[in-house]
4 protein chains.
Amino acid sequence: MAGNSFGHLFRFTTWGESHGPEIGVVIDGVPPRLPLSEADVQAWMDRRKPGQSRFTTQRREPDEVKIVSGVFEGVTTGTPLAMIVENTDQRSRDYGDIMDKWRPGHADFTYDAKYGVRDYRGGGRSSARETAMRVAAGAVARKVLGDGVTIRGAVVQIGPYKVDRGRWDWTEVEKNPFWSPDAQMAGEWEGFLDGVRKQGSSAGAVIEIVASGVPIGLGSPVYDKLDSDLAKAMMSINAVKGVEIGDGFTLAAEPGETAADEMRVEGDTPVFLSNHNGGVLGGISTGQDVVARFAVKPTSSIMHERQTVDRQGQETTVQVKGRHDPCVGIRAVPVGEAMMACVLADHLLRHKAQCG
Amino acid sequence: MAGNSFGHLFRFTTWGESHGPEIGVVIDGVPPRLPLSEADVQAWMDRRKPGQSRFTTQRREPDEVKIVSGVFEGVTTGTPLAMIVENTDQRSRDYGDIMDKWRPGHADFTYDAKYGVRDYRGGGRSSARETAMRVAAGAVARKVLGDGVTIRGAVVQIGPYKVDRGRWDWTEVEKNPFWSPDAQMAGEWEGFLDGVRKQGSSAGAVIEIVASGVPIGLGSPVYDKLDSDLAKAMMSINAVKGVEIGDGFTLAAEPGETAADEMRVEGDTPVFLSNHNGGVLGGISTGQDVVARFAVKPTSSIMHERQTVDRQGQETTVQVKGRHDPCVGIRAVPVGEAMMACVLADHLLRHKAQCG
Amino acid sequence: MAGNSFGHLFRFTTWGESHGPEIGVVIDGVPPRLPLSEADVQAWMDRRKPGQSRFTTQRREPDEVKIVSGVFEGVTTGTPLAMIVENTDQRSRDYGDIMDKWRPGHADFTYDAKYGVRDYRGGGRSSARETAMRVAAGAVARKVLGDGVTIRGAVVQIGPYKVDRGRWDWTEVEKNPFWSPDAQMAGEWEGFLDGVRKQGSSAGAVIEIVASGVPIGLGSPVYDKLDSDLAKAMMSINAVKGVEIGDGFTLAAEPGETAADEMRVEGDTPVFLSNHNGGVLGGISTGQDVVARFAVKPTSSIMHERQTVDRQGQETTVQVKGRHDPCVGIRAVPVGEAMMACVLADHLLRHKAQCG
Amino acid sequence: MAGNSFGHLFRFTTWGESHGPEIGVVIDGVPPRLPLSEADVQAWMDRRKPGQSRFTTQRREPDEVKIVSGVFEGVTTGTPLAMIVENTDQRSRDYGDIMDKWRPGHADFTYDAKYGVRDYRGGGRSSARETAMRVAAGAVARKVLGDGVTIRGAVVQIGPYKVDRGRWDWTEVEKNPFWSPDAQMAGEWEGFLDGVRKQGSSAGAVIEIVASGVPIGLGSPVYDKLDSDLAKAMMSINAVKGVEIGDGFTLAAEPGETAADEMRVEGDTPVFLSNHNGGVLGGISTGQDVVARFAVKPTSSIMHERQTVDRQGQETTVQVKGRHDPCVGIRAVPVGEAMMACVLADHLLRHKAQCG
């Protein structure tokens, strides 16, 4: 209820602050007898790990995941699957400035207003560090979904620059530090972001997550539509300000002829002739690719002096120092993939329960 | 879990199909001793009522709400508040066509695939008729929020035509059949939609909901962010394909300087100099206007012949007849307002519980 | 959260007060394509109906159930299954006395203290009338469980008089007005209760519910043990003050040799040589009969003058008039059966989701 | 949903197996700014710690609790409060016997049937070791309740021997190894249990938990009655087979005159003249002592050879060795207190949300 859990049947809860001793996650509802090792999870953790290029935060953590409950002799037991990551890079430093001042764009003011107390070290619970445990949960969710479901993410826009969908190539995504499916645009982003970094500024991004092989029938018709839950999942990622499914906002400008995907038969199977609806109709998956897109605002911490107020209610300015991604959106790709996996795994179990 | 409930502490559940005897809602968690009458609820119902202009469905229902539980001697009792609306306009007709054929853009195919059975009359549970009970729940949510909170909605785009924000005037919204805050654009939409209707086509829309007077501190920092829950709420409305908070997707193209709203002090109170974040930081309300926007795709039922498949797996075509809104988005305004009210009321009670 | 719902995957919510226009229930999560008619439900409602003998309340209501959502062409649709019963016997009368005075043993004082408002007519929401909708939900739960599961209830004690288990005969239960499995004891109870009634007093009872054919594996090991959920279910019935599983409290006095049911093999199947644990081990069903027992306190409304306090805080006395069961426990049998069915149906779906 | 969480607004989730690296708990919903240290929690942990007398298990663990999230500078932050205890005494040994054989009275058979896999070492997740984390959660719940609420537990029966309530003295409870409020009975139990232990047998117990100072108004009228939730809480403790509130099962034999507690006024306050209902009326607390009692069956692991079946479906016998409490009920006292604290804390927050 206080909002640190996600999902219903595949339900995970995270804990831990940026500068506490550890961060962790416990997943309840994992089906038994799924083969699972720490290496399986670590592989996904490593994709999100900070410090991999000059375009992501310079904080360096091994982010070594340990499974402390719920796996026995190489398989899941059906009991709570708990995993932890120790915080090793908590370098001591002077927090004087951000301890008292509300950084613009951050949760500092709202935390203080809500709780009357705040772990100011590295953003505490609001740190993007929390998302490491989402990736760990996502690794388990992928096991629940099985090999038939593939979930991939890509950055489709950084700052004002969008990829050219005609050049989309999934194999490119792993080859550049931006998860760009458009090799040419990756080069342009490099120049753009170098400039942004030198100016001490930051840039936003749009991320697209695509799930293929999703069974027909996941989701439900009213409040827990598959796309409602995806919207919640993606919007819950730090700094996200917008979510779309399929063609999203552009559909508002299209006529009904375009928006309603027509159907034909291929072999014995009904198929759709297009996927403007992003694989979801009436809240339920159609069997097509499920496509979600989300906008990440530019990193709030920039190197310039900004006007703000301190905890004593005095006007002041703040200039943030320390390790920050010029574009936090880049690192959101594995997190978006993980949230997609978790939503699908949850709805898979829910579908099995009612209609299986 | 099957997804017909929304909210946690202010939690409502709806039932009823388009052509069943009644639709209804039960709200659990309503605080006791709030003055509430059927007239209070009816006032909001009437704003959503169909048949009010040639731009919305011609189905004519009085949509008269009855409170059947939870109010005693003019006040809420704290026990479940149940309300029903009888379906009076269930004119008998020939369903032959849509009974067997999956209408493009509708939930027909996914329903059949998920449940193996479907109430095909008027879309059954997927009908926009369900949203009447959201409006009823929203009327009660407004009582929970009290007079200090004002929730208003407007249409900001129909088809490709957007309002001019320089001409925004809330008083205009109630004066035209499109909830347009821009009187001039209302006139243009009229012409555009007349054309759309004559062509037997349909148009999409973008709706903006603004809540003023929202207390600081609503929402929580991780999964149940205020904006995550708003994203889910808005995306759960029929035909919605995208949701944004504050400046939304446009923030992806902006630099950090713009996106992070600066603060000053006004009187004794910290204030923000802008509201690019739509009244939410780190998932928690800032006290500014909470701004959510959502895209509604064009009505899927159009007058043209479309390619589809029938329940027997044969290729066929379908041409929908009957009462349909050329732009369903217009009628989504009161529904979006209601969902905003319900999300805020739920988080208000959650905040009281933990931090009150 | 305000506690008018029960279950997770088979989840029902009730509404309605004793003297409001109707009472109702909505069940979310019902699997699709189960054959279901109003007559199926009515059959169970009729077993609970008041006014069937001089030992139960003289309130006479047809309690005719109507299905208003979730069934189409004779089968469940998977969407919310809503049922209502109109309150027809709301005879006008003088509530002056109980309107202002807190009746001993009733919820009057605690309601006023909690909510500051109370529908005093017939106990409002606290009336045993609410249990009619539990029986309706239970009828649907039985459909979910299928014909392999049989749920039966019996009264095993009224006042201080217990049945002789050596004379237990399930066929007797339907033949006497006390649901007694011991024909001889039924006769003795008749005399005892006639005396109680003439004295204007009341008597308590113990009810036993037995479910046969329950699949192995329902329940979970820690908080949502099958027996934890049964304990909650039974304790939630009006006037219940104790719940046991299997041998219950008597096990506390037994040695470990007795309490731990031994196992052998019969055919190819592991079997238990006894069932002291009531069909549940470690929170999970064993495949044996699931046995729950609960104590119902004597009806609080008696014909004698009792000391109490009024809403103005003044000492006073109260003497209850009107229709009351001398032993409310008797009518709790169908309610206990219904709650057993609902708990099992919920856990069946939960088991399918995780381990199916 | 898989049942490893308890509560709604004060909601905790536990993980960890008896012989895994650690056990842990995460509590979501803790109000901010409550002073809390590891020592506060450790004090309650120490009361439950094994190896304190020859009547409880000889497993020796320091059970040192570490807070790894949710406390900053000595106060709770409102974010998830996570605590862990390392398992230090996992002595290597031969599990051959219990690895393959289903121990009578244990969850071995049902686990294998449900999950198809089982951590057989020390009972895995079904070990009473899990209850250590309930005690940790209970320590935090007491902070939420504040100093005005006192929760105390006592053993009132071991085997067939019950305490004399006329000799009840709370100060005695801490002075004997049985939590007996009756010093004389403590002596008799000592002799009885020495005999039980020598015979390689075991004994059951009945525990009583009393909460004083509970505010009026906690709980709700229908499914989430305060006593329903207590019943679930207590029944979820290992080996519990029965729960009563107030006079419980004995009320079934009493007349209505006794069962319905009368009221008078004391000073300006309405008071009850007796507490047969155990501090709860209509599911809501009355302000009197809340009294819950539960029966713990005798330890299932005894030193005698028992008939059973192995995983291969063959008949066999099993004779359990190793560290076991002759009467597990004794160590359930701090666990019962903790569960009482957690139920009350949850309902306190729920009450604040709706009616505060």
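Predicted model: local features only at pLDDT ≥ 70, side-chain atom pairs only at ≥ 80, totals over all residues.
Trainee: Thanks! How many salt bridges are there over all chains?

Mentor: By this rule the count comes to 108. One of them joins Arg121(B) to Asp119(B), with the closest N and O atoms 3.0 Å apart. Asp119(B) is buried at a relative accessible area of 7%, while Arg121(B) is partly exposed at 23%. Buried means under 20% relative accessible area, exposed over 50%, and partly exposed in between (1.4 Å probe, protein chains only).

Trainee: And Arg47(C), what does its side chain meet in a salt bridge?

Mentor: That would be Glu337(C), at 2.6 Å from N to O. Arg47(C) sits in helix H1 (residues 38-48) of chain C and Glu337(C) in helix H9 (residues 328-355) of chain C, so the pair ties together parts that are 290 residues apart in sequence. Arg47(C) and Glu337(C) are both buried. The helices (H or I, at least four residues) and strands (E, at least two) are DSSP runs, numbered from the N terminus.

Trainee: Let's switch to chains A and B. How many residues of chain B are in contact with chain A?

Mentor: 107 residues of chain B touch 107 residues of chain A, where contact means heavy atoms within 4.5 Å. Chain B and chain A bury about 8600 Å² between them, 59% of it on carbon and sulfur atoms. Buried area is the accessible area (1.4 Å probe) that two parts lose on being put together, summed over both.

Trainee: What salt bridges turn up across that interface?

Mentor: The rule finds eight between chain B and chain A. One of them pairs Arg306(B) with Glu262(A) at 3.3 Å, N to O. Glu315(B) also forms one with Arg264(A), the closest N and O atoms being 3.2 Å apart. That pair crosses from strand E18 (residues 315-318) of chain B to strand E12 (residues 263-266) of chain A. Glu315(B) is partly exposed, with a relative accessible area of 40%, whereas Arg264(A) is buried at 17%.

Trainee: Which strands run antiparallel between those two chains?

Mentor: Strand E11 (residues 240-245) of chain A and strand E11 (residues 240-245) of chain B, joined by three bridges. Val243(A) has Val243(B) as its bridge partner there. For strands to pair, DSSP must find at least two bridges between them.

Trainee: What about strand E16 of chain A, where are its residues, buried or exposed?

Mentor: Seven of the seven residues of E16(A) (residues 290-296) are buried, so this strand is largely enclosed by the rest of the structure. Val290(A), Ala292(A), Phe294(A) and Val296(A) lie on one side, and Val291(A), Arg293(A) and Ala295(A) on the other. In a regular strand the side chains alternate between the two faces of the sheet.

Trainee: Which strand pairs with E16(A) over seven bridges?

Mentor: Strand E10 (residues 205-212) of chain A, in the antiparallel sense. Val210(A) has Val291(A) as its bridge partner in E16(A). E11(A) also pairs with E16(A) in the antiparallel sense, over five bridges, and Gly242(A) stands opposite Ala295(A).

Trainee: Now chains C and A. How many residues does the contact take from each?

Mentor: 13 from chain C and 13 from chain A, burying about 1000 Å² between them, 57% of it on carbon and sulfur atoms. On the chain C side, Lys352(C), Ala353(C) and Gln354(C) lose the most area to chain A, together 50% of what that side buries.

Trainee: Last one: where is Lys321(D) placed in chain D?

Mentor: Lys321(D) is in the loop between strand E18 (315-318) and helix H9 (328-355) of chain D. Lys321(D) is exposed, with a relative accessible area of 64%. The C-alpha atoms of Lys321(D) and Met303(D) are separated by 6.6 Å, and these residues are 18 apart along the chain.

Key: Residues numbered from 1 in each chain as written. Chains lettered and ligands numbered in written order. Heavy atoms only, no water. Salt bridge = Lys/Arg side-chain N within 4 Å of Asp/Glu carboxyl O.
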